[in-house]
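Trainee: Hi, could you walk me through this one? I'd like to start with burial, so what does the word mean here?

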Amino acid sequence: MQSKFQTIDTFLVTHQSLWRFEAFLQCFDGVSLWQQQYPRLHQWLENLSIEEIEQLKNDTDELINQLSHLIPELGLIPQLISLPSTQYSLLERNLALEAGIPGRKLSQIKALGQSVLKQHHGHEWLEWCSGKGYLGRILAFNSKQPVVSFEYQQALCESGQSEAAHLDLPMTFVQGDAFESESAQVFHSDQHAVALHACGDLHVRLMHNAAAAKTKALSFSPCCYHLTHHDTYQAQSSLGQNSELRLTKQELRIPLQETVTGGERVKRHRQQEMSFRLGLNALLREELGFSEYMPVPSIKKSMLSEGFEAFCLWAAEQKGILLPKVNFAHYEKVGTQYFWQMERLSLVQQSFRRLLEIWLVLDKAMFLQEKGYHVELSEFCNRKDTPRNILIHAVRNENS
Ligand SMILES: C[S@@+](CC[C@H](N)C(=O)[O-])C[C@H]1O[C@@H](n2cnc3c(N)ncnc32)[C@H](O)[C@@H]1O
């Protein structure tokens, strides 16, 4: 893991001009970003049609393949991001147990559940940030071992507890705040701690509490790396702390910027909203001499149907700006051009997304190794069930 981390770390640092930028802000400068350093890349991006951009957005493997013809080192990425799969045959259907669990969540939970059941340690489960305890249900039912489900929201605890009683499962919900020191009390050494999609600081807290309590095993899938109380990423491992990368919160969002998964309507709304925002900013630059991007509050999707001019007038009112009489149709068109410019730039960043995520995950894995755990990384489900499909599985070494 150490050597893989260092290879990825050096790779990310060396190629930082290709992924450390905000496409939304950068698109005003066109694709000139790489004109000097990577002229072939620049030309290739300029020549991409809208159809090609859309197709590559949905096919990262092909994107990396095409980019590696322009920048051969990028051909290393598939090898660096590859992880073994721990996908086992899915647990059998159990209608009572699965009641109320939404479709994609159910697939994720069954895949993670199966994976941890196969690699189980200790005599009790701790389900960290459990929500209603969907994962805990599967673990309690299949292992017959008690589950403690720790969750912040009282309503979720109550709902989970009542469902567990109904199903006659040995589950106990504990309401608490992961960031309070008392949360450490739910950890002990004969447990297997699990978490599906514990966000940012929550999975960091899980690792620290588990390591301090010498918890026998922990298995979790991290997500939302940017949800942290800190301004920059707090590396956990020694190598991570020595890295030159000081990731900002904005950069921690990069691994999560998956291409639109919500179908045509969501895609259309996103395109329209972004184009409107970019068009308004072009207008402010040209007509009022703004040099900085002006953020506009979020809008209701229904507002998009009122058109670009209505959007600009609304935004100007929100910001206390008086707009001059302008050719709105012109700026709407400019906004759309900027949108596609942004999409071009994002393609290059897209090829680094998983690599950055693996860097973050390896940092956590190495921290656990330093604390006396044997650690394995794998993919516990297909990316179509969730792109946050990395499982960190750590088992305490006998002698530590
Ligand atoms: C992304 S959800 C995952 C829930 C569940 N593991 C699942 O996949 O269905 C994160 C959960 O963490 C809980 N949570 C957020 N902040 C927390 C805190 N400070 N302490 C404990 N739980 C917290 C939320 O209420 C939510 O249920």
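Mentor: Happy to! Buried means under 20% relative accessible area, exposed means over 50%, and partly exposed is in between, with a 1.4 Å probe and protein chains only. This is a predicted model, where local features need pLDDT of at least 70, side-chain atom pairs count only at pLDDT 80 or more, and totals for chains, interfaces and linings use all residues. Residues are numbered from 1 along each chain as its sequence is written, and side-chain values use heavy atoms, with hydrogens and water left out.

Trainee: Thanks. Is Gln349 buried or exposed?

Mentor: Gln349 has 7% relative accessibility, so it counts as buried. You'll find Gln349 in helix α17; helices are DSSP runs of H or I with at least four residues, strands are runs of E with at least two, and both are numbered from the N terminus.

Trainee: And what does the side chain of Gln349 reach?

Mentor: The backbone oxygen of Phe21, at 2.8 Å. That is a polar contact, meaning a pair of N or O atoms within 3.5 Å; within protein, one must be able to donate a hydrogen and the other to accept it, and residues adjacent in sequence count only if both atoms are side-chain atoms.

Trainee: Which residues does Gln349 touch?

Mentor: Leaving out residues up to four places away in sequence, Gln349 touches Leu18, Trp19, Phe21, Ile254 and Gln257. Contact here means heavy atoms within 4.5 Å.

Trainee: Switching to aromatics: how do rings get paired?

Mentor: Rings of Phe, Tyr and Trp (its six-membered ring) pair if their centres lie within 6.5 Å; planes under 30 degrees apart are stacked, over 60 edge-to-face, and the rest tilted. That rule gives 12 aromatic pairs. One of them joins Phe276 and Phe308 edge-to-face, at 5.5 Å centre to centre with 65° between the planes. Phe276 is in helix α14 (residues 263-288) and Phe308 in helix α16 (residues 308-319), so this pair ties together parts 32 residues apart in sequence.

Trainee: Nice. Now strands: how enclosed is β5?

Mentor: All seven of the seven residues of β5 (residues 217-223) are buried, so the strand is largely enclosed by the rest of the structure.

Trainee: Which way do the side chains of β5 point?

Mentor: Ala217, Ser219, Ser221 and Cys223 point one way, while Leu218, Phe220 and Pro222 point the other way. In a regular strand, side chains alternate between the two faces of the sheet.

Trainee: Which strands does β5 pair with?

Mentor: Strands pair if DSSP finds at least two bridges between them. β4 (residues 191-199) runs parallel to β5, joined by seven bridges, and His192 stands opposite Ala217. β7 (residues 390-396) pairs with β5 in the antiparallel sense over four bridges, with Ala394 as the bridge partner of Leu218.

Trainee: Last one: what sits over the face of Tyr373?

Mentor: Arg396, at 5.0 Å from the ring centre. The rule asks for NZ of Lys or CZ of Arg within 6 Å of the ring centre and within 35 degrees of the ring normal.
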